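Please look through the structure below slowly, with the sequence beside it.

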Amino acid sequence: MKYKCPYCEKNTFTLIQKIFTGGMTSKGRACPECGKHAVHGMKANIFRSVMNLIPLIFFTVNYFKQYVSFAVCLAIFIGVNIFCMIINGLFFDLDYNNRKDL
């Protein structure tokens, strides 16, 4: 299944390309058809920011109470980021890149 490029409106991005596209301040991925760089939009970035509050709150509480080890905290952080990447790839559309240097 291919996903739509915001510039040329053609279905050119694969799921793996869309997952690893990046946020609005990143370079993004170049469309194979038109060559312009697409990124995840504002909704995807808001979702990722809200989801990253979960490990932040957990780490803060764990710092004072020492419930689990550092390795568990690191695993939670990595797991939340991988989950966000997959959700961004599956449910959020790509958007125009706002960087001027591309």
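A residue is called buried when its relative accessible area is under 20%, exposed when it is over 50%, and partly exposed in between, with a 1.4 Å probe and only protein chains considered. Ile 86 counts as partly exposed because its relative accessibility is 38%, and this residue is found in helix α4, which covers residues 70-91. Helices (H or I, at least four residues) and strands (E, at least two) are DSSP runs, and they are numbered from the N terminus.

This is a predicted model, in which local features need pLDDT of at least 70 and side-chain atom pairs count only at pLDDT 80 or more, while totals for chains, interfaces and linings use all residues. Residues are numbered from 1 along each chain as its sequence is written, and side-chain values use heavy atoms, with hydrogens and water left out.

Consider Thr 21, which sits in the loop between α1 (15-19) and β3 (29-30). Is Thr 21 buried or exposed? With a relative accessible area of 4%, Thr 21 is buried. Contact here means heavy atoms within 4.5 Å, and, if residues up to four places away in sequence are not counted, Thr 21 touches Ser 26, Gly 28, Arg 29, Ala 38, Val 39, His 40 and Leu 94.

Tyr 67 counts as exposed because its relative accessibility is 57%, and Gln 66 is exposed with a relative accessible area of 55%. Leaving aside neighbours within four places in sequence, Tyr 67 is in contact with Val 61 and Asn 62. The backbone of Gln 66 also deserves a look. Most residues other than glycine have a negative phi. Phi of Gln 66, however, is near 55°, a positive value in a residue other than glycine, and Glu 9 has a positive phi too, near 65°.

Side chains of opposite charge can pair when their charged atoms come close. A salt bridge is a side-chain nitrogen of Lys or Arg within 4 Å of a carboxyl oxygen of Asp or Glu, and a search of the whole structure finds three of them. Glu 9, in the loop between β1 (3-4) and β2 (11-13), meets Lys 4 in a salt bridge at 3.4 Å, N to O. Glu 9 is partly exposed at 47%, and Lys 4 is partly exposed at 46%. Lys 10 and Glu 33 meet in a salt bridge at 3.5 Å, N to O. This pair links distant parts of the chain, with Lys 10 in the loop between β1 and β2 and Glu 33 in the loop between β3 and β4 (37-40), 23 residues apart. In the salt bridge of Arg 99 and Asp 101, the distance is 2.6 Å, N to O; Arg 99 is partly exposed at 29%, whereas Asp 101 is exposed at 55%.

Aromatic rings form pairs of another kind. Rings of Phe, Tyr and Trp (its six-membered ring) pair if their centres lie within 6.5 Å; planes under 30 degrees apart count as stacked, over 60 as edge-to-face and the rest as tilted. The structure holds five aromatic pairs. The rings of Tyr 7 and Tyr 96 have centres 4.9 Å apart and planes at 75°, so this pair is edge-to-face. The pair links distant parts of the chain, since Tyr 7 is in the loop between β1 and β2 and Tyr 96 in strand β5 (residues 94-96), 89 residues apart. The rings of Phe 47 and Phe 83 have centres 6.5 Å apart and planes at 50°, so they are tilted. Phe 47 lies in helix α2 (residues 42-51) and Phe 83 in helix α4, so the pair ties together parts that are 36 residues apart in sequence. Phe 47, Phe 83 and Phe 92 form one aromatic cluster.Finally, return to Ile 86, one of the residues of a nonpolar patch on the surface, formed with Phe 70, Leu 74, Phe 77, Ile 78, Ile 82, Leu 90 and Phe 91, with about 800 Å² of accessible area together. Patches are made of residues with over 30% relative accessible area and no salt bridge, like charges being joined within 9 Å and nonpolar side chains (Val, Leu, Ile, Met, Phe, Trp, Tyr) within 5 Å; accessible areas come from the Shrake-Rupley method with a 1.4 Å probe, and for residues only the protein chains shown count as cover.
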